[in-house]
Amino acid sequence: MTAQPTTDAKDLAPFLEALLARYHRRDFLSSDPIQFVHRFNTPADQEVVGLLSAMLAFGNVRSVGASIDALLTVVGENPARYIAGFDHARAAREFATLGHRWIRGADLAAYLAAVRGVLDTHGSLRELVATSWQSSEDFWQVSAAFSSALENALPKTAARTRGLSFLLSPPTPGSARKRLAMYFRWMVRSDEIDLGLWKDAMPASALRIPLDTHLSRICRYIGLSQRKSVDWKMADEVTAALSLIDPQDPVRFDFALARLGILRDCPHKVVEEKCAPCPIRPVCRLGGG
């Protein structure tokens with residue numbers, strides 16, 4: 001870890017463990033895009049569905065679910081087989097009605113063609129990550145290599161739109177790379193929530209917390225960071241703090257912390273009926289800690 005935490009996270013440990021016990025359960029899968037990955041049983045299907053779900057995981061929770069569901073309806077019951085036979089030139093009609101916010105069907109079609117190209121070259125997304133990890137042993141470099149491999153596999157005819165660029169998740173300066181960090185967490189960690197398909201490709205200790213505006217706000221409330229910018233430096237800082245509690249698996253608290261924002265259990269001001277039962281209230285600077 002290059003960043004130094006702004007608080008002694010060991011003091012937070014019992015409260016975060018209580019939060020974990022409350023929220024880190026399959027009962028809450030329906031509130032998260034990882035629910036779509038759990039619909040499939042084979043690793044090849046799960047890693048493809050995981051990538052597609054993670055790349056569309058931005059915006060309103062309900063609209064995210066609807067967009068992923070619509071895409072998977074087209075992809076069908078065997079996503080890996082569908083991708084293996086994907087023909088970009090013939091996809092226009094099939095993808096015309098798909099999209100999510102500023103992402104259009106043409107962007108999704110080009111992205112799936114790139115995924116096919118990566119699978120053709122590496123055999124699996126896991127193999128790409130494993131090879132990149134062996135070369136660098138650095139999360140940010142592995143995630144950058146992942147995006148670069150997809151960009152290099154794009155069809156030459158693909159229009160470089162805003163939507164396609166966003167799907168590719170390029171390593172822009174300062175980006176916390178939330179969607180790729182989340183996808184890597186799903187694939188590397190192993191428990192009732194995360195699938196552990198890549199646990200031998202890179203260690204869970206190398207993962208970074210998938211930061212968005214909601215999670216960063218909660219992290220500030222409990223002193224995991226005081227940075228104002230939701231960027232890679234904040235992701236490093238929060239992960240470094242959590243590694244004081246669990247150096248082998250620092251992001252295991254992510255799913256539980258994220259429920260506070262996704263389920264609206266953590267408001268922007270003190271609301272007694274929500275704050276009173278919150279396991280982290282004693283250490284929350286908003287709620288009275």
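Me: Where is R177 placed?
Reply: R177 sits in the loop between helix 10 (162–168) and helix 11 (178–188). Helices here are DSSP runs of H or I with at least four residues, numbered from the N terminus, while strands are runs of E with at least two. This is a predicted model, in which local features need pLDDT of at least 70, side-chain atom pairs count only at pLDDT 80 or more, and totals for chains, interfaces and linings use all residues. Residues are numbered from 1 along each chain as its sequence is written, and side-chain values use heavy atoms, with hydrogens and water left out.

Me: Why is R177 called buried?
Reply: Buried means under 20% relative accessible area, exposed means over 50%, and partly exposed lies in between (1.4 Å probe, protein chains only). R177 has 5%, so R177 is buried. R177 also has a positive phi of about 55°, although R177 is not a glycine.

Me: What makes R264 count as exposed?
Reply: The relative accessibility of R264 is 64%, so R264 counts as exposed. R264 lies in the loop between helix 14 (254–262) and helix 15 (272–275). Just after helix 14, R264 takes a positive phi of about 60°.

Me: Why are helix 7 and helix 8 called roughly perpendicular?
Reply: Their axes, lines fitted to C-alpha atoms over the stretch in contact, come within 8 Å and cross at roughly 65°. Angles run from 0 to 180 degrees between N-to-C directions. Under 35 degrees counts as roughly parallel, over 145 as roughly antiparallel, 65 to 115 as roughly perpendicular and the rest as oblique. Helix 7 and helix 8 are therefore roughly perpendicular.

Me: Which residues meet where helix 7 contacts helix 8?
Reply: V118, L119 and H122 in helix 7 meet L125, E127 and L128 in helix 8.

Me: How do you know that the sulfur of C284 is too far from the closest cysteine sulfur for a bond?
Reply: A disulfide is a pair of cysteine sulfur atoms within 2.5 Å. The closest cysteine sulfur to that of C284 is in C266, 5.9 Å away, so the two are too far apart for a bond. By this rule the count comes to 0 disulfides. For C219, the nearest cysteine sulfur, that of C266, is 10 Å away.

Terms used
Contact = heavy atoms within 4.5 Å.
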